[in-house]
Amino acid sequence: MDITIIIPAHLASLRLGRKILIDINGLPMIEHVRRRALLSKSIKDVYVATGDNEIKSLIESYGGKVITTKKNHRNGTYRVAEAISKINCTHVILIQGDEPLLIPDYIDIFVHQMMKFKTEKMWNGITRFEKMNNVDEHSLVKCFIDVNNHIISCFRKTPVFSEFSKFKNILFKIQGLIAYEANFLRELVNLNETTFSKLESIEQMKSIEYGHKIKAIELPKNFPSVNTHDELKRVKKILNNNLVQKKIFNKLIK
């Protein structure tokens with residue numbers, strides 16, 4: 001496997017405007033993500049894919065690599081599909097630019113599992129819910145997995161009525177760490193849009209609705225992304241108080 005990380009980025013985020021550039025402890029959010037990806041021991045190339053000159057100039061000012069794409073894409077999957085047409089790789093890991101608490105070691109765990117299940121075409125990082133009170137948050141995409149650890153459905157509102165304790169071992173949070181076999185991704189974006197994926201804005205459902213399997217890779221611990229002001233406050237608090245996160249951040253600013 002020749003694996004490359006690509007972080008799709010654009011300014012026109014719907015729920016939290018220009019969130020990709022929000023300052024978090026002196027660094028834009030996108031730069032937190034890019035630098036954390038570079039700390040991975042398994043990946044040598046990390047690119048930001050964007051059609052916004054402001055993002056391109058910012059990343060290049062930090063010495064980062066940028067792949068210029070068209071400005072308007074339906075979602076990050078399509079942006080990454082365009083980006084891989086401009087580089088050489090057999091597989092690509094898409095990391096969402098709103099994951100500033102991503103732990104670099106998790107990327108290495110993810111890559112190890114990709115290698116272990118190399119006949120798969122698509123992989124997605126998942127984490128467990130520790131409690132019930134945020135399971136129905138709209139900004140959190142959830143999934144069910146089958147007995148072979150494939151994702152069978154994704155959703156924003158939990159479609160079950162059983163007690164949490166009874167289904168917590170098959171209900172997981174989708175994390176913004178997704179991988180594709182490059183040729184599969186090229187084929188996927190050329191398929192017509194699917195109803196559920198489009199209505200719920202869940203990119204993974206397009207693959208599932210066409211009958212393609214997504215291998216779930218469980219990561220050790222849940223880490224919040226940033227979709228709202230409340231989540232931004234939560235991320236800043238964790239970054240400033242969690243010892244593991246503080247240690248990683250110190251490596252980012254060296």
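Modeller: We will go through helix pairs, then a pocket and a cavity. This is a predicted model, where local features need pLDDT of at least 70 and side-chain atom pairs count only at pLDDT 80 or more, while totals for chains, interfaces and linings use all residues. Residues are numbered from 1 along each chain as its sequence is written, and side-chain values use heavy atoms, with hydrogens and water left out.

Biologist: How roughly do the axes of helix 3 and helix 6 cross, in degrees?

Modeller: Two packed helices are described by the angle between their axes and the distance between the axes. Helices (H or I, at least four residues) and strands (E, at least two) are DSSP runs, numbered from the N terminus. Axes are lines fitted to C-alpha atoms, for helices over the stretch in contact, with angles from 0 to 180 degrees between N-to-C directions. Here, helix 3 (residues 76–84) and helix 6 (residues 182–189) have axes that come within 10 Å and cross at roughly 125 degrees. That angle makes helix 3 oblique to helix 6; angles under 35 degrees count as roughly parallel, over 145 as roughly antiparallel, 65 to 115 as roughly perpendicular and the rest as oblique.

Biologist: Which residues in helix 3 and helix 6 meet?

Modeller: Contact means heavy atoms within 4.5 Å. From helix 3, T77, Y78, V80, A81 and I84 meet A182, L185, R186 and V189 of helix 6. The residues of this contact of helix 3 with helix 6 divide into seven nonpolar, one polar and one charged. Ala, Val, Leu, Ile, Met, Phe, Trp, Tyr, Cys and Pro count as nonpolar, Asp, Glu, Lys and Arg as charged, and the others, Gly among them, as polar.

Biologist: Where do the axes of helix 9 and helix 10 stand, in Å and degrees?

Modeller: The axes of helix 9 (residues 229–241) and helix 10 (residues 243–252) come within 5 Å and cross at roughly 85 degrees. That makes helix 9 roughly perpendicular to helix 10. I238, L239, N240 and N241 in helix 9 meet L243, Q245, K246 and F249 in helix 10.

Biologist: What is the volume of the largest pocket?

Modeller: Rolling a probe the size of a water molecule over the atoms shows where empty space is left. On a 1 Å grid over the protein atoms alone, a cavity is a set of points where a 1.4 Å probe fits but cannot get out, and a pocket is an open set with protein on both sides within 12 Å along at least five of seven lines; lining residues have an atom within 4 Å of a point. Grid points are joined across faces, edges and corners, and a volume is the space filled by probe spheres set on the points. The largest pocket has about 1,200 Å³. Among its 42 lining residues, R15, N75, Q96, S201 and E203 are the closest to its centre. Strand 10 gives the most to this lining, with five residues.

Biologist: Which residues line the largest cavity?

Modeller: Its lining consists of N75, T77, Y78, M122, Y180, L188, V189, E193, S197, E203, Q204 and K206. The largest cavity holds about 80 Å³ of space. Helix 3, helix 6 and helix 8 (204–209) each supply at least two residues of that lining.
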